[in-house]
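Colleague: I am new to this structure. Please take me through its features one at a time.

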Amino acid sequence: HLILFILFDLKDKVIVLTGATGALGGALALSLAKSGAHLIILGRNQELLDKLISELTPFTKAQGFVVDVMNRTDLNRVKEQVITQYDTIDVLVNAVGGNLPGAVIADDKSVFDLSESDFDQVVDLNLKGTLLPCLVFGELMSQVGKGSIINYSSMAVDRVITRVLGYSAAKAAMENFTKWMAVEMALKFGDGIRVNAIAPGFFIGKQNRDLLLNKDGSLSERGEKIIRNTPMKRFGEAEELNGPIHFLCSDSASFVTGIVLPVDGGFSAYSGV
């Protein structure tokens, strides 16, 4: 047990986490806090940030900043405060993401009903909202030659998942950027900087609850299709993402870069036959 603790030790690592006020990000933040990492949480809602920080501070040092991750000025402001307090950061986790109704093709609509404005906003949030933190905080890592960046991809990249057109396109581009950034950092700044992603399978959260479950808690038609194509025959629990992310955060993953790690109960491996 001691050897495992040392291998995956995150104590006193400085971790910047975007998108942490959602269900998956919040569970991760608590897990990282209990591991003794120092957390810098970026979010758009002060009330949600305050609530999360109050849950984290019994375990570790945690600070929250109201930030638009698509605003480089906001991100640079946080970066300067991080430099003052910690000199650099060890890990950046980009859990930010989301969708808009106009970028989703409803069952009674077709692709020709797509809202171009909503599509643009979804691409900005899921692609640029990951790219800009990588540039701002990745630059700190480049100066010390060490660090780990972890982005959030999706099952919608490798498989066509109906309806979520804007989200799928944005996550596919973000996944390509993750691999590109991994190569760039290793070639130009050394083998101490790693860039990876996780690809969560299907987890119940605020944004997809009404898609996957009926009001009585039973599976919707879409939920049934997902479970039918998930060999483990269940949705994931938010805490089940934490172990894989801890691994990618830690020095145990020192020779792991440019990968996308599925955490999906076998969904991406299953042909449905």
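Modeller: Start with the naming. Helices (H or I, at least four residues) and strands (E, at least two) are DSSP runs, numbered from the N terminus. With that scheme, Thr60 is placed in the loop between helix H3 (46–56) and S3. Residues are numbered from 1 along each chain as its sequence is written, and this is a predicted model, where local features need pLDDT of at least 70, side-chain atom pairs count only at pLDDT 80 or more, and totals for chains, interfaces and linings use all residues. Side-chain values use heavy atoms, with hydrogens and water left out.

Colleague: Is Thr60 buried or exposed?

Modeller: Buried means under 20% relative accessible area, exposed over 50%, and partly exposed in between (1.4 Å probe, protein chains only). Thr60 has a relative accessible area of 10%, so Thr60 is buried.

Colleague: What does Thr60 touch?

Modeller: Contact means heavy atoms within 4.5 Å. Not counting residues up to four places away in sequence, Thr60 touches Ala33, Gly36, Ala37 and His38.

Colleague: Which backbone oxygen does the side chain of Thr60 reach?

Modeller: A polar contact is a pair of N or O atoms within 3.5 Å; within protein, one must be able to donate a hydrogen and the other to accept it, and residues adjacent in sequence count only if both atoms are side-chain atoms. The side chain of Thr60 reaches the backbone oxygen of Ala37 at 2.5 Å.

Colleague: Now H3. Which of its residues are buried?

Modeller: Leu49, Leu52, Ile53 and Leu56 are the buried residues of H3. They cover an arc of only 100 degrees around the axis, so they sit on the same side of H3. The arc is that of the directions from the helix axis to the C-beta atoms. On the other side of H3, Glu47 and Lys51 are exposed. The cover over the buried residues of H3 includes H2, S2 and S3.

Colleague: Which residue caps the N-terminal end of H3?

Modeller: Asn45 does. One of its side-chain oxygens lies 2.9 Å from the backbone nitrogen of Glu47.

Colleague: Where is Ala62, and what does Ala62 touch?

Modeller: Ala62 is in strand S3. At 15% relative accessibility, Ala62 counts as buried. Leaving out residues up to four places away in sequence, Ala62 touches Leu39, Ile53, Leu56 and Thr57.

Colleague: What is found at the start of H4, and what follows H4?

Modeller: At the start, a side-chain oxygen of Asn71 reaches to within 2.9 Å of the backbone nitrogen of Thr73. Asp87 follows H4, and its phi is positive, near 75 degrees.

Colleague: On to strands. Which strands pair with S5?

Modeller: Two strands pair if DSSP finds at least two bridges between them. Strand S4 (residues 91–94) and S5 pair in the parallel sense over 4 bridges. Leu92 stands opposite Ile149 in S5. The chain crosses from S4 through helix H5 (residues 116–144) to S5, in a right-handed β-α-β crossover. A crossover is right-handed if, with the strands pointing away from the viewer, the path from the first strand over the helix to the second runs clockwise. S5 and strand S6 (residues 193–200) also pair in the parallel sense, over 6 bridges. Ile150 has Asn196 as its bridge partner in S6. Helix H6 (residues 165–189) carries the chain from S5 to S6, and this β-α-β crossover is right-handed.

Colleague: Why is S5 called largely enclosed?

Modeller: Because 6 of the 6 residues of S5 (residues 147–152) are buried. Gly147, Ile149 and Asn151 lie on one side, with Ser148, Ile150 and Tyr152 on the other.
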